[in-house]
Each structure stands twice: as C-alpha cells, then as structure tokens.
Amino acid sequence: SPSAESPETLIWDVMNHNGKLWVTTSDDGVYVREQRGDSLRQVKEFPAKGAYAFAEEDDGFWCGTPFGLWRYHDEGEVWIQFLHPEQEEPTDFQVFALANTPREVWYGSMDLGAGYFVKENVEWKPMRAGLSNPNVATVAANDSILWAGYGYQAGFLDRFGTQGLQYDRNFSLRDGLYDNHIQVLRLHGDRMYYGGYEGFGYVTINGWRFTHFRKKNGLPHTDIAAIHSEDSLVWLGSLFGLIEFDPEDDSFRTIPETESYRVTSIFRQGDSLWLGTLARGALVFDLTTGQITGKYVESARRITAILPSGEHENSPVWIVTESDGIFEVSLPSGKSSPIRPPAGILKGGFEEVRNNVLAAARIGDRIWLGTEEEGCMVYNLTTDTWSTFTYLNGLVTNRIRSFASSESFVFIGSYGGLVRVDKRYLDRIGL
C-alpha cells in the first residue's frame, strides 16, 4: 500500500513513464516512485482527490479522475484540466478508463458514458450507445431502425440501426424537441410519434422533418403517456383525457367525455378504445357513439397497459396495473378476474414495490411484463406457462421500463440501457 495509514486504499492503475513508476489510488490521487528501491510518494501537486486511469503520451500522460480528465506535462510538471461540455458539477465526469491513439483519447465514465476527445481541435465526441445510456423509458423498432426515448433528462431521443445497434444520431433541443422526458414512442408509416411530460411530436423516419407541439402551439394537454395510431388518426392519452390528432393538417381535438381522466394507456378493439387511467381503472370508449360504455377494476391505480390475449375480437383482454396486479376481462360478458403468476415467478405480492409493473407488451404469443426490481415476467399464451428473464439471464439491470419488437428481435429498455433479445432463442432459453 502506498500509505501505511490507509492499507485499504484501492489501486486502480499502474504505469511506467519516463523512468518513473506512477500509481493511481482511489482516495489519495497519484503516487510516484522515482527510482527502483525508493518508496512511493504522493504527488502533492496533483489537483484532484483520487485518480483512476492513465494513458501515456511522449511528453507526459493523461489521467482520469473523479473530477474529470487531466493532462500531465513532464516539462514543468504541469497539470491541465480538460472540461467536458456536460460537466456542470466537479464530479459529473468521473473517468474510469482511458485509451490513447495518435489523434484521440478515448474515455469511459460513470455518468457521461463513453466517447473520445480529439486532441488537435479540443473536440469532444460522446458515443451515445443505448447500451450505456441510462433510463431508456420507451423504445420503438422496425426491421431497420430502433428508437430510444429517455426519461428524467437522460438524453432526449436516439436513433440506431436495428441489426447492428449502430448509433445513428440524437434528437434534442437543437432539433426543436423541447421535452427532455420522453414517455412513449409509436412507429406508424413514415413517422415516429413521441410523447413526453411537456409535449408531443413526430419525426419522419428519414429524420428530415421534425415537428414538436407544446401548449404554446396547439397541444391541448400535456403529460402524453400513451399513443395509438391508425391510418388516418392518432389518439393521445394525456393529463386530461383523450386527444385526437389529425396527421393530415396537424390539428387536435379533445374528447370531452374523457377529460376527467388521466389516460395512461390505450388499446383499440373493434369500434372501441380501451383507456387505462391513473387512478380510476380502465374505461371503454365507443368511437361510434362518443360515449364511455364500460368501466373495469375502477379501484386500480395506474393502468400500465391493456393487451389482447388472442387474435379474435372477443378474446379476453388483460388489464395490467402498476401495483394492483393483473386482471383478465372476458368478452362479451365483461366479467373480470385477477391473474396470479406462480409463487416462484412473482416473489411476494404485487403490493411490494419491487414487483411494480412499469411496462407491458404483447409480442407474438408472449406477454412481457417489466418490473421495478425483479426483471421480466413472461407469459407464453401458447403453452400457458410463466417464466422469468432477469439480470442473471443477461439483462443489464432488473429495473425494466419498456418493450418493443421487430421481426427478428425483442428490445428491452431499462434503467441500465438497452437489451436486444433474438427471437430465435426464446424457446431455447425457456421463454
């Protein structure tokens, strides 16, 4: 240990540079040994408390610290800090890993992901890979393009290639997307619709046209938590009920009969829209008469999703709630009954926060449920069996936020980033 007083000090990196041995430590910064046989001494001039990684240069080296990226010059023993553009607080940019090339310094950090720094013109190039960007609140995909929307100021909206997960570009304030908390995405035709806490809008699939609506330019209500689209209309679930959006002329119409409900999910069945609400269960809204014709599980809090359990119009409907369980509504009788996954699948009851269902989707013959802390519960409609898919099976975290599907893959958005599951292996891994 470099310090007799701190035998538990963590050694992160060791480097032989310019005839000296350099060591980074977790608590005391950088140590150096001048000659073989000498003891390590703390570099008093080191400007940060703690250090993690080295990357050598001919005339010095780079050093990653809990306080960002630093450059050491042998001549004059000078330390220079290079500030990341998103480093608003001293510890926003904690650099854990470095790799040096002739033109760039590559970095890996805790909160600002991975990227590289171009030395010649002092330019930062973040790598916005969804696998490392946190809090993927919603995802949408087709066979060529994958979209990821981030919640809680985590990065607005990213676009990737579906096959290689190759990052394409980020959409943010510079594109007119004024909402940095995206809640829902919906791919339809040549548009990708999105909804957030403050607005709603769409991006054309090629990314050439970007349109954003707020209260200032026509959006009737905010907090868009659900989107359902048809050929000629788009329905939005908002803070004050259902909104009808006409994509032909970018116009909105509120549905007065629903304005006393905060809509959190939408599912169409025949001539009716099923609406999940925040605190008043599920409603059935008849598109022909414009009236609410049914109410289910009215005491349930926050309907996460309403899903079909079959292909027929009269197939039972699943109502998935965040913390009050799952219910099946038999049609046309309208009788509802709770669905209880086996004890080994659901560890404890739905009243436990760790089992809160934050996301749900029907993908093929499976219903996927994403939980607060227990990963995924998967129900196979064909075999009538339950299974789990968790961190132990390859998820980056057990806190699941969203699901999407393409022809070949299931995409899972989580607090730890994106996961892609190849559908060819679902049976093989017991799902």
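Strands are DSSP runs of E with at least two residues, and helices are DSSP runs of H or I with at least four residues, both numbered from the N terminus. Two strands pair if DSSP finds at least two bridges between them. In these terms, β6 and β7 form a hairpin with 2 residues between them. The model is a predicted one, in which local features need pLDDT of at least 70 and side-chain atom pairs count only at pLDDT 80 or more, while totals for chains, interfaces and linings use all residues. Residues are numbered from 1 along each chain as its sequence is written, and side-chain values use heavy atoms, with hydrogens and water left out.

**The chain as a whole**

- The secondary structure of the chain comprises 0 helices and 39 strands.
- The C-alpha trace spans about 85 × 50 × 35 Å along its principal axes.
- Of the 431 residues, 53% count as buried, where buried means under 20% relative accessible area, exposed over 50% and partly exposed in between (1.4 Å probe, protein chains only).
- Among contacts (heavy atoms within 4.5 Å) with a separation of 6 or more, 38% come from residues 24 or more positions apart.

- Strands of a sheet pair through backbone hydrogen bonds, either parallel or antiparallel.
- β6 and β7 run antiparallel and are joined by 6 bridges, with Leu69 in β7 as the bridge partner of Gly64.
- β7 (residues 68-73) pairs with β8 in the antiparallel sense over 5 bridges, and Trp79 in β8 is the bridge partner of Tyr72.

**Strand β6**

- In a regular strand the side chains alternate between the two faces of the sheet.
- Gly60, Trp62 and Gly64 point one way from β6, whereas Phe61, Cys63 and Thr65 point the other way.
- β6 (residues 60-65) is mostly covered, with 6 of its 6 residues buried.

**The largest pocket**

- A pocket is found on a 1 Å grid over the protein atoms alone, as an open set of points with protein on both sides within 12 Å along at least five of seven lines; lining residues have an atom within 4 Å of a point.
- The largest pocket has a volume of about 1400 Å³, a volume being the space filled by probe spheres set on the points, which are joined across faces, edges and corners.
- It is lined by 46 residues, of which Thr138, Val184, Ala225, Thr304 and Ala360 are the closest to its centre.
- β33 gives the most to this lining, with 7 residues.
- The lining divides into 29 nonpolar, 10 polar and 7 charged residues; Ala, Val, Leu, Ile, Met, Phe, Trp, Tyr, Cys and Pro count as nonpolar, Asp, Glu, Lys and Arg as charged, and the others, Gly among them, as polar.

**Residue Ile339**

- Ile339 lies in strand β32 (residues 335-339) and is buried, with a relative accessible area of 15%.
- Beyond its neighbours within four places in sequence, Ile339 is in contact with Trp318, Ile326, Phe327, Glu328, Phe350 and Trp386.

Note on methods: On a 1 Å grid over the protein atoms alone, a cavity is a set of points where a 1.4 Å probe fits but cannot get out, and a pocket is an open set with protein on both sides within 12 Å along at least five of seven lines; lining residues have an atom within 4 Å of a point.
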